[in-house]
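Here is a short briefing on one protein model. Look at the structure first, then work through the points by topic.

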Amino acid sequence: MERGSDKHGPRLDSQQKHETEGLVRGGGTTHAQEWKEPESMPAVGEESVRSYPPGHEPGVPEGMTQGDVDVRADLAKWLSDTHWPKSKADLLRQVEESGAPDRVTGMVHSLPEREYTNMADVGETLGLGVEKRRW
């Protein structure tokens, strides 16, 4: 008696042969359901179309420049574990203790003496752009 495999019985061998027959003969996919087929890659030079939900498009937020975004991100990195509100003295102490670069320390040092409620408040006081939300 001839069998295709020592691991499976004749019924499973026959089933596997049937499942792979389309791939062996036609060179195409063997999936019956269209949703199981992999998506094709875009051709060289062809852009893929991406869809983003409103308000989540990549790029710089409206009302800010790329420089504003970079500076605010650098500030936020060194003030990330701050519990708001904080005074200028508290913010300065935090950036100095965390070993922030001179650029960040200088920006915090240039802040006027008052309480700050969040990172956007600090950025706005420093003259960085503030994103405009579209609701």
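Predicted model: local features only at pLDDT ≥ 70, side-chain atom pairs only at ≥ 80, totals over all residues.

Helix 3 spans residues 88–97, and helix 4 spans residues 102–109. The structure also holds two salt bridges.

**Helix 3 against helix 4**

- The two helices pack at an angle of about 170 degrees. Their axes lie 9 Å apart.
- Angles over 145 degrees count as roughly antiparallel, and helix 3 and helix 4 are therefore roughly antiparallel to each other.
- Helix 3 brings Lys-88, Leu-91, Leu-92, Val-95 and Glu-96 to the contact. Helix 4 brings Val-104, Thr-105, Val-108 and His-109.
- Of the residues in this contact, five are nonpolar, two are polar and two are charged.

- Thr-105 sits in helix 4.
- Thr-105 has 17% relative accessibility, so it counts as buried. The cut-off for buried is under 20%.
- Leaving out residues up to four places away in sequence, Thr-105 touches Leu-92, Val-95, Glu-96 and Ala-100.

- The buried residues in helix 3 are Lys-88, Leu-91, Leu-92, Gln-94 and Val-95.
- Viewed down the axis of helix 3, these buried residues fall within an arc of 160 degrees, so they line one face of the helix.
- That buried set packs against helix 2 (66–79), strand 1 (86–87), helix 4, strand 2 (115–116) and helix 5 (119–125).
- Glu-96 and Glu-97 are exposed, on the face of helix 3 turned away from its buried side.
- Just after helix 3 comes Gly-99, with a positive phi of about 75 degrees.

- Arg-93 forms a salt bridge with Asp-90. Their closest N and O atoms are 3.0 Å apart.
- Arg-93 and Asp-90 are three residues apart in helix 3, so about one helical turn separates them.
- An α-helix has 3.6 residues a turn, so residues three or four places apart point the same way.
- Arg-93 is partly exposed, with a relative accessible area of 43%. Asp-90 is partly exposed too, at 26% relative accessibility.

**Salt bridge between Arg-114 and Asp-121**

- Arg-114 forms a salt bridge with Asp-121. Here the closest N and O atoms are 2.7 Å apart.
- Asp-121 counts as buried, at 14% relative accessibility.

Terms used: Residues numbered from 1 in each chain as written. Heavy atoms only, no water. Axes fitted to C-alpha atoms, helices over the stretch in contact; angles between N-to-C directions. Helix = DSSP H or I, 4+ residues; strand = E, 2+ residues; numbered from the N terminus. Parallel < 35°, antiparallel > 145°, perpendicular 65-115°, else oblique. Contact = heavy atoms within 4.5 Å. Nonpolar A, V, L, I, M, F, W, Y, C, P; charged D, E, K, R; others polar. Buried < 20%, exposed > 50% of the residue type's maximum accessible area, 1.4 Å probe, protein only. Arc of directions from axis to C-beta. Salt bridge = Lys/Arg side-chain N within 4 Å of Asp/Glu carboxyl O.
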